[in-house]
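Let me put the thing up on the screen, and then I'll walk you through how the pieces sit against each other.

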Amino acid sequence: MFNPSHLIRSRHAIYYFRYPVSTQNRVSISLQTRCPKQALYLAKILEYHSMNLKQRLENTPMDHKEIRSIYIDYYKGVLERAKSQIDKDGVLPDANVENLQKVKNDLEVIIQEKHDDTLGHLFNRGIRFIYTFP
């Protein structure tokens with residue numbers, strides 16, 4: 001469950017997200033949490049956004065200080081939106097909870113009827129997940 005690929009825990013038990021922007025340089029920002037589950041959730045969001053930002057800044061001639069400030073400002077905005085969405089909707093939005101309940105019910109039917117093609121059966125029923133990134 002816990003994959004600390006970009007997570008660093010300080011001596012005060014606060015989690016930080018650290019991302020490599022070049023071969024020698026990294027950018028880190030505090031996630032402002034001591035909860036490992038919340039830190040992992042926020043780190044995955046930041047990792048997704050980091051890959052997109054890194055691709056956009058790939059051929060831009062800037063020094064490390066400029067790149068670092070762009071990343072930190074971007075991370076602060078993403079973290080603020082993610083935390084406000086968590087406060088508003090919870091970690092798992094209602095639409096995903098409903099879809100997971102449908103999948104659970106459909107899987108119980110598949111097990112009872114002993115279908116061979118599980119994924120085909122689910123897609124024929126129109127089950128889909130809604131993933132939102134802040």
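Predicted model: local features only at pLDDT ≥ 70, side-chain atom pairs only at ≥ 80, totals over all residues.

So, α1 and α2 make a right-handed crossing. When we talk about a pair of packed helices, we describe it by the angle between the axes and the distance between them. Here the axes of α1 and α2 come within 10 Å and cross at roughly 140°.

Who is touching whom? On the α1 side you've got Y41, L42, I45, L46, H49, S50, L53, K54 and R56, and they meet I70, Y71, Y74, Y75, V78, L79, A82, K83 and I86 in α2. If you sort that contact by class, there are 13 nonpolar residues, two polar and three charged.

Now let me step back to the whole protein for a second. You're looking at four helices and three strands, and reading from the N terminus the elements go β-β-β-α-α-α-α. The protein has 134 residues, and 30% of them count as buried. If you take contacts with a separation of 6 or more, 53% come from residues 24 or more positions apart.

Okay, the sheet. The three strands form an open sheet, ordered β1-β2-β3, with antiparallel pairing. β1, residues 7-9, and β3, residues 26-30, are at the edges with a single partner strand each, so one side of each has no neighbour in the sheet. From one strand to the next, the twist averages 30°.

Let's go through the pairings. In general, strands of a sheet pair through backbone hydrogen bonds, and that can be parallel or antiparallel. β1 and β2 are antiparallel, with three bridges, and there you'll find I8 standing opposite Y16 in β2. The hairpin of those two strands has five residues between them, and A13 in that hairpin takes a positive phi near 70°.

Helix α2, residues 64-89, lies across β2 and β3 and runs at about 30° to β3.

Stay on β2 for a moment, since the two faces are worth a look. In a regular strand, side chains alternate between the two faces of the sheet. In β2, the covered face has Y15, F17 and Y19, and the uncovered one has Y16, R18 and P20.

Last stop is the loop between α1 and α2, where E58 is found. Is E58 buried or exposed? E58 has a relative accessibility of 58%, and the cut-off for exposed is over 50%, so E58 counts as exposed. Then look for V21: E58 and V21 are 37 residues apart in sequence, but C-alpha to C-alpha they are 9.5 Å apart in space.

How values were computed. Residues numbered from 1 in each chain as written. Heavy atoms only, no water. Pairing = 2+ DSSP bridges. Axes fitted to C-alpha atoms, helices over the stretch in contact; angles between N-to-C directions. Contact = heavy atoms within 4.5 Å. Left-handed = near helix turned anticlockwise from the far one by under 90°. Nonpolar A, V, L, I, M, F, W, Y, C, P; charged D, E, K, R; others polar. Buried < 20%, exposed > 50% of the residue type's maximum accessible area, 1.4 Å probe, protein only.
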